[in-house]
Amino acid sequence: GPCTECSCSSGKEPNKDPSHTKKKENEDRLSVPKIFFGTRTHKQITQITRELKRTAYSCVPMTILSSRDYTCIHPVVSNSANRNEMCVELLEGKHGKSCSYYHSVHKLSEHHVLQSAHGVYQAWDIEDLVSLGRKLRACAYFAARELMVGADIVFCPYNYLLDPQIRESMDIKLKDQVVILDEAHNIEDCARESVSYGVTERQLRAAREELDFMVNNNIRQKHHEPLRAVCCSLI
């Protein structure tokens, strides 16, 4: 279809002068910033990709970052309460098992493959990627992350951009990129959530008991005493 033409493929010329090093090539090539588009909810991403589909840019390389809650299709992991932990354990092969969906991620993780083989020419939604993942038995979660490398626009919830831990684990680098925040008046709440932590009185009492044990047994006393004082004052 006509849409294939608007995915930016760089026509590589044969290297005429062998003395040109790879480094020189990279310096000459202008680095184009990615657009990171942050929204409050996953539902808003669905609406925005629908709007993107109606524009002249409907087939630029894109991706949507979201949690395993939305993307995992492994029959056991997707039904468990702690998908993240189970997924990591499977990939580390802790119990002698691995994830066949993860090992087929390449079937989904290249823009040109998505476009040519599966007709996903236009802006897609996370559900499109997941249903294609089911069909190909390939992991949409890791595919979406790999698609970020070649994407011109990356959609994700706010906290993927605001929370340093998520940024690091997702390998999101915002330096010299364009960041758009939809409905930015919600940012303050989201920023507060990112650096807030809930703890119960029961957990505090358990921590105090452990710290008591450390202090009474002379285990790194000068580190544990101030922590115990904090626990006691909170309790």
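User: How many cavities of 30 Å³ or more does the structure hold?

Analyst: A cavity is a space where a probe fits but cannot get out. This is a predicted model, and the structure holds two cavities of 30 Å³ or more. The largest cavity has a volume of about 130 Å³.

User: Which residues are the closest to the centre of the largest cavity?

Analyst: The lining of the largest cavity consists of 15 residues, and those closest to its centre are C72, H74, C87, C99 and C139. Two or more lining residues come from each of helix 3, helix 4 (83–92), helix 5 (100–103) and helix 8 (140–147). Helix 4 gives the largest share, three residues.

User: How do the residues of this lining divide into nonpolar, polar and charged?

Analyst: Twelve residues of the lining of the largest cavity are nonpolar, two are polar and one is charged.

User: Let us turn to helices. Where do the buried residues of helix 2 fall, seen down its axis?

Analyst: The general idea comes from the geometry of the helix. An α-helix has 3.6 residues a turn, so residues three or four places apart point the same way. In this structure, helix 2 covers residues 42–53 and reaches 17 Å from its first C-alpha to its last, close to the 16 Å expected. Its buried residues are H42, Q44, I45, I48, T49 and L52. Because these buried residues fall within an arc of 145 degrees, they line one face of helix 2. The face turned away from the buried side carries the exposed residues K43 and R50.

User: What do the buried residues of helix 2 pack against?

Analyst: They pack against strand 1 (35–39), strand 2 (62–64), helix 3 (68–71) and strand 3 (153–157).

User: Which residues of helix 7 are buried?

Analyst: In helix 7 (residues 126–136), the buried residues are I126, L129, V130, L132, G133 and L136. They cover an arc of only 165 degrees around the axis, and therefore lie on the same side of helix 7. Exposed residues E127, R134 and K135 are found on the face turned away from that buried side.

User: Which residue follows helix 7, and what is its phi?

Analyst: R137 follows helix 7, and its phi is positive, near 55 degrees.

User: Is S104 buried or exposed?

Analyst: The test is the relative accessible area: a residue under 20% counts as buried. S104 has a relative accessible area of 14%, so S104 is buried. S104 is in the loop between helix 5 and helix 6 (111–118). Not counting residues up to four places away in sequence, S104 touches R137 and A138.

Key: Residues are numbered from 1 along each chain as its sequence is written. This is a predicted model: local features need pLDDT of at least 70, side-chain atom pairs count only at pLDDT 80 or more; totals for chains, interfaces and linings use all residues. Side-chain values use heavy atoms; hydrogens and water are left out. Helices (H or I, at least four residues) and strands (E, at least two) are DSSP runs, numbered from the N terminus. The expected span of a helix is 1.5 Å times one less than its number of residues. Buried means under 20% relative accessible area, exposed over 50%, partly exposed in between (1.4 Å probe, protein chains only). The arc is that of the directions from the helix axis to the C-beta atoms. Contact means heavy atoms within 4.5 Å. On a 1 Å grid over the protein atoms alone, a cavity is a set of points where a 1.4 Å probe fits but cannot get out, and a pocket is an open set with protein on both sides within 12 Å along at least five of seven lines; lining residues have an atom within 4 Å of a point. Grid points are joined across faces, edges and corners, and a volume is the space filled by probe spheres set on the points. Ala, Val, Leu, Ile, Met, Phe, Trp, Tyr, Cys and Pro count as nonpolar, Asp, Glu, Lys and Arg as charged, and the others, Gly among them, as polar.
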